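Hello,

Here is the structure I promised to pass on. Please have it open while you read the notes below.

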Amino acid sequence: AVVSTQSGHYGRGPAVDSIYKRVVLWKKNMFKVPKGKIGESFIEEVANTINLFNSGSNLESVAITMTLIIFPLLLQKPSKSSKAKDHVAHLERRLQLWKDGEIEKLARECKSIQDRLLKSKYSPGHHNKVFTRLMLL
């Protein structure tokens, strides 16, 4: 059964736990919460999610996990060079997906962003090698 609240449908608890297990391994890639109406809507949704834990709702068992995944899912930068205007548009769209309970869709989108981030032109130890080389000059 799909669990729902006043602000949206969040699916099953195991889906939230599964997304959390993936999100904690992601590279940090978040933008700051924008000012204005969409930023206030985001903060309000975070507060609603926290209140699910405090209110004894049927989502109490997954409310803290939902609070932990809302930030990386909704505030993920779409690209390294994205602008604040892009962030507002993406946050607005993602916030609607969150409220509609489309967290798996959000997770897939953010996973593709993370995959692009990890496809760096440098190997994992590249920066350490360059630093060492420059220090030995």
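One cut-off first: a residue counts as exposed when its relative accessible area is over 50%, and as buried when that value is under 20%. Keep in mind that this is a predicted model.

Overall layout

The chain holds six helices and two strands. Along the sequence they run β-β-α-α-α-α-α-α. Of the 137 residues in the chain, 36% are buried. Take the contacts with a sequence separation of 6 or more: 71% of them join residues 24 or more positions apart.

Helix α2

Helix α2 covers residues 37–54. With 18 residues at 1.5 Å a residue, α2 should span 26 Å, and the distance between its end C-alpha atoms is 26 Å, so the two agree. Which residues of α2 are buried? They are Ile38, Gly39, Phe42, Glu45, Val46, Thr49 and Leu52. Their arc around the axis is only 135°, so they sit on the same side of α2. Exposed residues lie on the other side of α2: Lys37, Glu40, Glu44 and Asn54. Just past the end of α2 comes glycine 56, with a positive phi of about 70°.

Phenylalanine 42

Phenylalanine 42 belongs to helix α2. Its relative accessibility is 0%, and the cut-off for buried is under 20%, so phenylalanine 42 counts as buried. What does phenylalanine 42 contact, leaving aside neighbours within four places in sequence? The list is Val33, Ile70, Phe71, Leu74, Leu75, Leu91 and Leu95. Take isoleucine 70 from that list. Phenylalanine 42 and isoleucine 70 are 28 residues apart in sequence, yet their C-alpha atoms are 9.4 Å apart in space.

Helix α4

Helix α4 covers residues 84–99. Its 16 residues should span 22 Å at 1.5 Å a residue, and its end C-alpha atoms are 22 Å apart, so α4 also agrees with expectation. Buried in α4 are His87, Leu91, Arg94, Leu95, Leu97 and Trp98. These residues cover an arc of only 155° around the axis, which puts them on the same side of α4. Leu91 and Leu95 are buried in α4, and both are in contact with phenylalanine 42. Just after α4, glycine 101 has a positive phi of about 80°.

Packing against α3

Two helix pairs involve α3. Start with α1 (residues 13–23) and α3 (residues 60–74): their axes come within 9 Å and cross at roughly 45°. That angle makes α1 oblique to α3. The crossing of α1 past α3 is left-handed. On the α1 side, the contact is made by Gly13, Val16, Asp17, Ile19, Tyr20 and Val23. On the α3 side, Val62, Thr65, Met66, Leu68, Ile69, Pro72 and Leu73 take part.

Next, α3 and α5 (residues 103–118). Their axes are 9 Å apart, at an angle of about 50°. The pair is therefore oblique. Here too the crossing is left-handed, with α3 passing α5. Pro72, Leu73 and Leu74 of α3 meet Ile103, Leu106, Ala107 and Cys110 of α5. Pro72 and Leu73 take part in the contact with α1 and in the one with α5.

Best regards

Technical notes
Residues numbered from 1 in each chain as written. Predicted model: local features only at pLDDT ≥ 70, side-chain atom pairs only at ≥ 80, totals over all residues. Heavy atoms only, no water. Helix = DSSP H or I, 4+ residues; strand = E, 2+ residues; numbered from the N terminus. Expected span 1.5 Å × (residues − 1). Buried < 20%, exposed > 50% of the residue type's maximum accessible area, 1.4 Å probe, protein only. Arc of directions from axis to C-beta. Axes fitted to C-alpha atoms, helices over the stretch in contact; angles between N-to-C directions. Parallel < 35°, antiparallel > 145°, perpendicular 65-115°, else oblique. Left-handed = near helix turned anticlockwise from the far one by under 90°. Contact = heavy atoms within 4.5 Å.
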